[in-house]
Amino acid sequence: QIHEISLGLSQAYLIRARVGCVLVDTGMPGQLGRIMRRVKSLGWGALTLIYLTHAHLDHAGSAAALRDATSAPVAIHWADAQALAQGETCLGSLGSKRRLIQRFVPELEKILNYSGVQADILFEDGDDLAEYGLEARVYHTPGHTLGSSSLVVEEKVAFVGDLASNTGKPHLQRYYAEDWSLLMQSVIHMQKLGLQRVYGGHGRGFLPSKVFDELVLS
């Protein structure tokens with residue numbers, strides 16, 4: 001069972017586990033109340049893990065507050081751990097029209113008092129979430145950030161962070177990447193898995209496998 005939470009700029013997801021539930025991403029700072037109300041209203045039990053697809057402000061911004069409120073550990077791929085701890089949103093290379101955003105992000109982090117968080121769990125590619133009551137596996141999908149990862153549940157449902165988006169016309173990441181060649185490799189790898197549903201970091205709903213598998217970098 002999956003419950004989607006729209007958090008303005010990004011999406012978060014609650015996944016029901018055998019005991020409690022796992023949260024994928026946390027949105028910007030200030031989303032603690034909204035997420036906890038959803039956890040309570042669903043009645044699936046306590047939050048047992050906070051899984052971050054990558055260390056950007058709009059996905060990890062409320063991680064520290066949620067850990068403080070629930071004692072659920074924060075988990076991320078090890079390659080994004082330093083950026084997460086420093087509260088640094090690494091955008092990498094981007095087109096000239098978006099360089100203004102790159103200059104604006106550090107100011108936004110200061111305004112929102114985003115200081116980052118030290119991860120409790122550092123995942124490697126291939127790690128599983130069995131101890132958190134989920135038949136799920138971590139896939140390292142670098143490119144957008146060097147430590148971006150995707151969570152695949154029961155070998156058919158994937159949460160891919162900013163690898164893909166469902167805003168407007170479904171598309172792959174086309175704005176920011178630390179390594180565009182790695183991003184393409186990650187896309188191809190995920191498209192070969194035969195997934196049924198793909199949940200992106202932005203845009204409501206999921207991408208059916210037929211849609212996701214036909215996406216190409218623009």
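Predicted model: local features only at pLDDT ≥ 70, side-chain atom pairs only at ≥ 80, totals over all residues.

Reader: Is Gln31 buried or exposed, and with which residues is Gln31 in contact, leaving aside its neighbours within four places in sequence?

Author: Gln31 has a relative accessible area of 12%, so it is buried. Leaving aside those neighbours, its contacts are Leu7, Thr26 and Ser62; the C-alpha atoms of Gln31 and Leu7 are separated by 7.3 Å, although the two residues are 24 apart along the chain.

Reader: How many aromatic pairs are there, and what describes such a pair?

Author: A pair of aromatic rings is described by the distance of the centres and the angle of the planes. The count here comes to six aromatic pairs. In one of them, the rings of Tyr13 and Phe159 have centres 5.3 Å apart and planes at 55 degrees, so the pair is tilted. Tyr13 lies in strand E2 (residues 11–16) and Phe159 in strand E9 (residues 157–159), so this pair ties together parts 146 residues apart in sequence.

Reader: Why does the pair of Phe159 and Tyr199 count as stacked?

Author: Their planes are at 15 degrees, with the ring centres 5.1 Å apart, so the pair is stacked, because planes under 30 degrees apart count as such. Tyr13, Phe159, Tyr199 and Phe206 form one aromatic cluster, and the charged end of Arg197 sits over the ring of Phe206, 5.4 Å from its centre.

Technical notes
Residues numbered from 1 in each chain as written. Heavy atoms only, no water. Buried < 20%, exposed > 50% of the residue type's maximum accessible area, 1.4 Å probe, protein only. Contact = heavy atoms within 4.5 Å. Phe/Tyr/Trp six-rings, centres within 6.5 Å; stacked < 30°, edge-to-face > 60°. Helix = DSSP H or I, 4+ residues; strand = E, 2+ residues; numbered from the N terminus. Lys NZ or Arg CZ within 6 Å of the ring centre and 35° of its normal.
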